[in-house]
Structures are given as C-alpha cells and as structure tokens.
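Work through the exercises below with the sequence and the model in view. Each task is followed by a solution in steps.

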Amino acid sequence: MATKRIENPMPELSQLNSTSASTNPQAATTLQVLHNLQHQHLWTSLQIHASPSNSTSSVPQESRPPLISGIPPNRVYTHPDEQLYMLEQGLREDDLRPERLFVIPTAQGQDWSLRRMAAVFDSLDEITVAADDEADLEKRPPQDEKAQKLEEYYQRRETANATLEWGSKRVLLGMSNKGMGGDGTVVYYIVQEGEVKPRQN
Amino acid sequence: METPTVPIPISYVSGRYLLFSIDAVTYLRREHHICGVLIGTLPQIPQQNVFLGLPLELMPEEARLLVDKGVACIVDETKAHDGMKSLLEEDRRQYLRELDSQGLEASRKLSDRKGQQREQVLKKLDEKAKAKAIKALENEGEADTPASPSPSASVLDEERPSSKASSRTPVHTLAMGVTPPTSYPPLAQPTSSQHLPPPNVPLSYPLFAHLSSRGYFLSPGLRFGCQYVAYPGDPLRFHAHFLCVSAEWDENIDLMAIVNGGRLGTGVKKGFLLGGPEKSRTEAETEAERVESVRTFSIEWAGMPPCHAVSGSNIWSAHFKPGESFGDETFMTIESSSMQIEFTLLSWSPAANAGKMSMSMKERRIALSKWSVKLWAYSGHSRNSTMKSGIGKSHS
C-alpha cells in the first residue's frame with residue numbers, strides 16, 4: 001500500500017484562524033474535519049470539493065457544504081454480502097486497491113435536513129476528482145492467481161454496484177464538536193442511500 | 001388456514017383499530033406483512049403481559065395501509081352492533097343452535113383425539129411387553145435349543161383382545177361452550193356505506209408505507225427509541241435491520257439525533273434509517289403521491305479508530321514559533337503535523353528556582369480521541385539554552 005503522505009495542500013489551522021474563518025464558518029468546519037482525517041486517521045490525497053454550482057438542486061448554493069474526499073489507509077466500509085464474497089474468494093481487504101471516499105463536514109448544532117442530505121447524494125455524480133496519485137496506486141505488481149481473483153472481484157463489484165446488491169452510494173458524515181469548549185472530537189457516520197442492511201445483525 | 005373474505009372489517013373501538021378474528025390476523029401477517037400488537041390478556045390473570053392473545057391492535061398506519069390496499073375496511077363497532085336488536089327471534093335461535101352444534105363437534109374431536117392418544121400409548125406398552133417376551137425366549141433358547149416359540153406367541157395373542165377392548169372408551173359427549181370472537185355470522189357483513197373513512201395517519205406514514213412495500217415487517221419503535229422497527233422477514237424469525245425515523249423534507253434535523261440513532265443502532269446491531277417524503281402534504285394531493293416520493297438513508301457508525309494514538313515523533317518534530325512576550329512570560333506556539341498547541345513559557349532560571357519547576361509551569365491538555373496527551377515544556381532563562389520537554393500519555 002502506498003504510504004506516501006502528500007504535501008499538505010491545505011492551509012494550516014493557524015492561517016485559517018486569521019483568514020478564512022472570519023468570512024465563512026463552514027470553511028472552518030471543513031478544515032477541522034480535513035485535519036482530523038489527515039492527521040488522526042492518516043488519510044491521503046485529500047481534496048476539498050466546492051459543491052457544484054450548476055446543480056439543479058433546490059438547496060441554495062451557499063447552504064450546501066463543500067465535500068472532502070480522500071483515501072483512507074484502511075477500508076472504512078465493507079457490505080456484509082461483499083465481505084462474504086471476499087471470504088469465499090480468499091481475498092483480504094488489504095488486497096484491494098485503495099478507494100476514494102467522500103466526507104460531508106458538519107458541526108454540532110448545524111442545521112441539517114433530508115433535503116440537504118439528498119442534495120449531497122445528488123451532487124456526488126457531478127463532482128470530478130482531480131486524478132493525482134491514484135494512477136500510481138493502481139500500478140501494483142500483479143501476483144498471478146491473486147491478481148486474477150482481484151480482477152474477478154472488481155468485475156463482480158461492478159455488477160453489484162449496478163444492482164445495488166452491495167449497498168449504494170455512500171459518504172461519511174463527519175461531525176465536529178463545537179461549543180462546550182470544543183475538544184476537537186470528530187465523529188464519523190456512514191450514510192448510504194436507500195435501505196442497506198446493517199453490517200452486523 | 002382459512003382465507004377471510006376481503007375486505008376484512010377492522011373494528012374501530014374508542015380510537016383503536018382492533019382485529020378479533022384469528023383467521024384475519026394470520027392472513028394479514030402472512031400475506032400483507034402486518035403484525036400489529038396482540039393486546040388481549042386473560043380475565044383471571046390481567047397482570048401477565050408476556051403471552052398476549054386476541055384482539056390484535058393495529059397502528060393507524062397499518063390500518064390505513066390495509067384500507068388503501070383495499071384489503072380491509074374500518075367499521076364503527078358500536079354502530080355495527082345496533083343490528084343485534086333488530087335480529088329476528090328465529091335467527092337468534094338458529095344461531096344459538098349452530099353454536100351448540102359447533103360445541104358438540106369440538107367435544108367430539110377432543111374425545112377422538114384422547115382416544116387416539118390412549119390407543120397409541122397402549123400399543124407402545126404392548127410392543128414393549130412383546131420385546132421383553134422375545135428376549136426372555138432367546139435367553140431360554142441359548143440353554144435349550146429346540147424351544148418352540150408357539151406358547152409365548154399364544155400368550156401375546158391372548159393379551160391382544162383385552163388391550164383392544166380397553167381402548168374402546170365411551171365417548172363423553174357434552175357440548176363445549178363456544179364463544180365466537182366476532183359477531184359477523186349472526187350479523188351481516190357491513191356494507192361499504194357503513195365503512196368509516198380511512199384512518200388519519202401521522203406524518204411518518206409515507207415512510208411506513210414505503211418500507212412496507214419493500215417487504216419489511218414494521219412494528220412500533222418505542223422499544224428502540226425510534227418510530228418503527230423494520231424486520232426483513234417475520235419478526236419471529238429475523239432480527240430487525242433498521243431503527244426508522246421519519247422526517248419531513250425540510251424539517252430541521254439535529255445532528256445529535258443522527259449520532260444518537262447511529263450509536264444506538266450500532267449498539268444493538270441494527271442500522272439507523274432516516275427517511276421521508278420529498279413532497280409535503282401541501283404539495284401532494286394524496287398520501288400515495290407522498291409515498292412515491294420517499295427517499296431513505298441508512299446510517300451506521302463508521303467506527304474509525306484513530307490510526308495512532310499520537311506518536312511521540314510527531315511532537316518531537318514540531319517546530320516552535322516564538323510568540324509575543326509579556327514581561328517574564330513568552331507565549332509560544334508548537335506546530336506539529338498532528339496538532340497545534342499554544343502554551344506559555346515562563347522565564348525560569350534553573351539555578352535560582354531549583355525544585356520549584358512544577359509550580360511555574362502551565363499545562364495544556366489536548367484531548368485527541370480517547371487519548372489525552374499532556375504536553376509540558378520548560379526552558380531555561382535564555383532562549384538559547386536547551387529546551388527540555390516531556391510527553392505524558394494517559395488513557396482517559
């Protein structure tokens with residue numbers, strides 16, 4: 001797995017405090033969540049995506065939060081049926097190529113509604129991810145049998161994605177602690193559209 | 001398993017939707033995934049609340065769904081029973097006679113079953129005795145080879161008729177009392193003009209109907225602090241998948257409610273399902289239209305553990321930025337890749353203040369997830385002197 005830590009493209013917190021924070025509280029929340037992902041969870045190739053302006057969504061542009069995307073060091077979510085398939089194929093989560101995951105940065109006490117949640121999911125397709133080092137990540141030495149199994153897995157996943165067998169579009173909802181002294185805790189919840197059965201039941 | 005005639009009358013009694021027919025209850029559970037809640041208890045043991053029986057109480061949502069599907073209708077029970085008074089005497093007599101014959105039938109079946117059981121028990125005893133006799137015979141045979149099996153067989157044959165005679169017990173024919181749970185045989189099924197309008201439902205009805213149409217069994221969610229608990233199959237066979245909460249499209253959702261639901265759901269191995277109709281009641285003409293526009297989101301705790309509880313190297317590689325000075329105190333900032341700490345350096349001369357160091361230090365605690373890191377630093381009087389620092393880790 002590529003462990004190369006990218007150069008921090010984001011402003012440091014200290015700069016944030018003096019510049020952007022005063023103009024937009026959402027930017028502060030976004031950066032706080034981004035820093036948490038980068039330093040506490042060691043996510044890589046993090047990016048901030050402003051919500052698409054050409055969106056037909058009914059939510060006004062300014063109240064749509066930007067999205068963060070990045071590559072987690074370990075897989076965050078595996079659908080139970082996918083896990084079963086991987087187990088049958090003898091694949092481990094570490095074998096899979098790392099995947100980019102989207103995060104909605106929010107802060108405790110922020111207004112939230114189903115409309116906003118839906119707007120985020122609708123905008124996912126419109127976001128284009130700058131292809132940076134993801135190309136390198138795919139260039140991994142093929143290991144004969146395992147590579148073939150992986151290939152099968154990816155094909156299986158494509159069909160599963162089409163039929164929503166292995167869950168649907170998913171994002172992480174990152175929620176930072178504000179007020180009460182704000183101890184810097186950020187909690188993460190996986191949100192998927194539709195009824196997706198729980199991982200353990 | 002009898003299929004009741006559709007539409008099934010749902011009794012509306014003082015604001016509750018009740019079903020009194022066991023055929024209707026099993027049919028709705030089997031075919032329409034409507035479970036309801038059994039609320040009947042025994043008059044003798046009114047306190048017991050574990051094994052409840054008829055009647056079955058339906059949520060207004062369940063009743064509404066059935067009415068909308070055309071499977072059931074709502075009947076005002078008090079009005080429906082006005083018909084009892086106008087029942088003809090002849091009809092009344094015939095109905096009572098029918099009940100009597102049903103009672104007789106029931107008692108006949110019961111005694112039949114008793115007789116069968118008795119016969120079976122006797123048969124078993126018979127076989128045991130036979131096996132014993134044969135065994136005894138074989139034992140004898142070892143000692144005396146040309147033993148004839150006929151005498152023992154005849155003994156068994158002799159026993160036979162007596163056992164047969166004993167199984168013929170006189171059938172006790174006393175009619176059992178029958179209490180029918182519904183009053184629709186004597187009364188005519190209510191006509192469609194007598195039906196009440198479909199039940200009023202809470203705003204969460206579209207989510208209920210949406211999940212029901214996906215084949216989920218829904219039960220009231222009080223137990224799990226939600227609106228509905230969704231089971232992927234019959235609740236007797238499956239664990240629930242979701243704790244469901246409905247919201248209107250523009251209803252403000254406290255993010256803390258998502259944390260609460262997500263954490264509780266994960267704690268009981270379920271997902272937290274948040275959903276609602278895109279159309280409000282003013283925008284949609286019918287509830288069916290709202291049901292069509294439902295979107296749902298499944299939420300689970302991500303459970304991402306911190307990748308590392310702040311490793312020492314991150315702090316050692318921090319760089320120090322001098323801050324402003326106020327007299328003796330210098331405010332400094334440490335910036336490392338994992339945190340930013342502002343702390344105060346006090347001018348401190350090791351020689352003059354030996355042993356007093358701990359008094360003059362300011363500590364800043366930074367909580368990082370489950371770990372809290374205590375960082376303290378002190379320096380000598382001169383900024384050029386070596387800086388010592390220590391890191392303490394404590395589990396909180």
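**Exercise 1.** In this predicted model, find which residues of the largest nonpolar core touch the most other members.

Solution. Start from the core, which has 83 residues. The residues that touch the most other members are A:Val103, A:Tyr189, B:Ile10, B:Ala230 and B:Cys244. Next, look at the elements: strand 5 of chain A gives the most to this core, with six residues. Last, look at the domains of chain B: domain 1 (1-87 + 191-201) and domain 3 (205-304) each supply at least three residues.

**Exercise 2.** List the contacts of A:Tyr189, leaving aside its neighbours within four places in sequence.

Solution. Two residues are in contact if their C-beta atoms, placed from the backbone, lie within 7 Å. In chain A, this gives A:Leu172 and A:Leu173. In chain B, it gives B:Ile258, B:Gly262, B:Ile299, B:Glu300, B:Trp301 and B:Ala302.

**Exercise 3.** Determine how strand 5 of chain A is joined to strand 11 of chain B.

Solution. Strand 5 covers residues 186-193 of chain A. Five bridges join it to strand 11 of chain B, and the two run antiparallel. One pair to locate is A:Val191 with its bridge partner B:Ile299.

**Exercise 4.** Describe the contact between chain A and chain B.

Solution. Count the residues by chain: 38 come from chain B and 40 from chain A. On the side of chain B, two or more residues come from each of helix 7 (255-267), strand 10 (271-277), strand 11 (294-301) and strand 15 (364-368). Strand 11 of chain B gives the most, with seven residues. By type, this side of chain B has 18 nonpolar, 12 polar and eight charged residues.

Notes
Residues are numbered from 1 along each chain as its sequence is written. Chains are lettered from A and ligands numbered from 1 in the order in which they are written. This is a predicted model: local features need pLDDT of at least 70, side-chain atom pairs count only at pLDDT 80 or more; totals for chains, interfaces and linings use all residues. Helices (H or I, at least four residues) and strands (E, at least two) are DSSP runs, numbered from the N terminus. Ala, Val, Leu, Ile, Met, Phe, Trp, Tyr, Cys and Pro count as nonpolar, Asp, Glu, Lys and Arg as charged, and the others, Gly among them, as polar. Two strands pair if DSSP finds at least two bridges between them. A nonpolar core is a set of buried Ala, Val, Leu, Ile, Met, Phe, Trp, Tyr and Cys residues joined through C-beta atoms within 7 Å. A residue is buried if 20 or more other C-beta atoms lie within 10 Å of its own, exposed if 12 or fewer, and partly exposed in between; C-beta atoms are placed from the backbone. Domain bounds come from an automatic or database domain assignment.
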